Amino acid sequence: DLSAMGLRHVGYGIPTDMFSPFVTSCVQSVRELTADAGELEAFSWSLNLISRILCRVITEGSTIVMKAINQNSALLLRKAVNCAPR
């Protein structure tokens, strides 16, 4: 499921450098909702792990074909498909 989500993010064109600020903001939001340090640590650890997995999937899934699709260019897509391994 995480791999599928990561590949959707490739399709959305989400840069991997946006994950860290997102995780930080989520952890800060949860910090306001709980006083339990253990819960906060668990949430932070889990979200950081998910973030790293998604970043890896995005990095490995960003093929030349996916990049052409993201740019919405028929010409780039034809070029990408012509040189992509099959």
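What follows is a short chat about a predicted model.

Biologist: Before the details, what are the ground rules for this predicted model?

Modeller: Local features need pLDDT of at least 70 and side-chain atom pairs count only at pLDDT 80 or more, while totals for chains, interfaces and linings use all residues. Residues are numbered from 1 along each chain as its sequence is written, and side-chain values use heavy atoms, with hydrogens and water left out.

Biologist: Fine. Which residues of α1 are buried?

Modeller: Gly6, His9 and Val10. Buried means under 20% relative accessible area, exposed means over 50%, and partly exposed is in between (1.4 Å probe, protein chains only). These three cover an arc of only 105° around the axis, so they sit on the same side of α1. That arc is taken over the directions from the helix axis to the C-beta atoms.

Biologist: And what do the buried residues of α1 pack against?

Modeller: They pack against α2 (19–31), α3 (37–61) and α4 (64–71). Helices here are DSSP runs (H or I, at least four residues), numbered from the N terminus. Contact means heavy atoms within 4.5 Å.

Biologist: Take Gly6. Which residues is Gly6 in contact with, leaving aside neighbours within four places in sequence?

Modeller: Leu54, Val57 and Ile58. Gly6 counts as buried because its relative accessibility is 0%.

Biologist: Where is Arg31, then?

Modeller: In helix α2. Arg31 is partly exposed, at a relative accessible area of 45%.

Biologist: Back to α1. Is Tyr12 buried or exposed?

Modeller: Exposed, because its relative accessibility is 57%. Tyr12 belongs to helix α1, which covers residues 2–12. Just after α1, Gly13 has a positive phi of about 75°.

Biologist: How far apart are the C-alpha atoms of Tyr12 and Met66?

Modeller: 10.0 Å, for residues 54 apart along the chain.

Biologist: New topic. How many disulfides does a search of the whole structure find?

Modeller: 0. The criterion is a pair of cysteine sulfur atoms within 2.5 Å. Cys55 is in no disulfide, and the nearest cysteine sulfur, that of Cys26, is 13 Å away. Cys55 counts as buried because its relative accessibility is 19%.

Biologist: Last one, Ser51. Which residues does Ser51 touch, not counting those up to four places away in sequence?

Modeller: Phe19 and Val23. Ser51 is in helix α3 and is buried, with a relative accessible area of 9%.

How values were computed:
Helix = DSSP H or I, 4+ residues; strand = E, 2+ residues; numbered from the N terminus.
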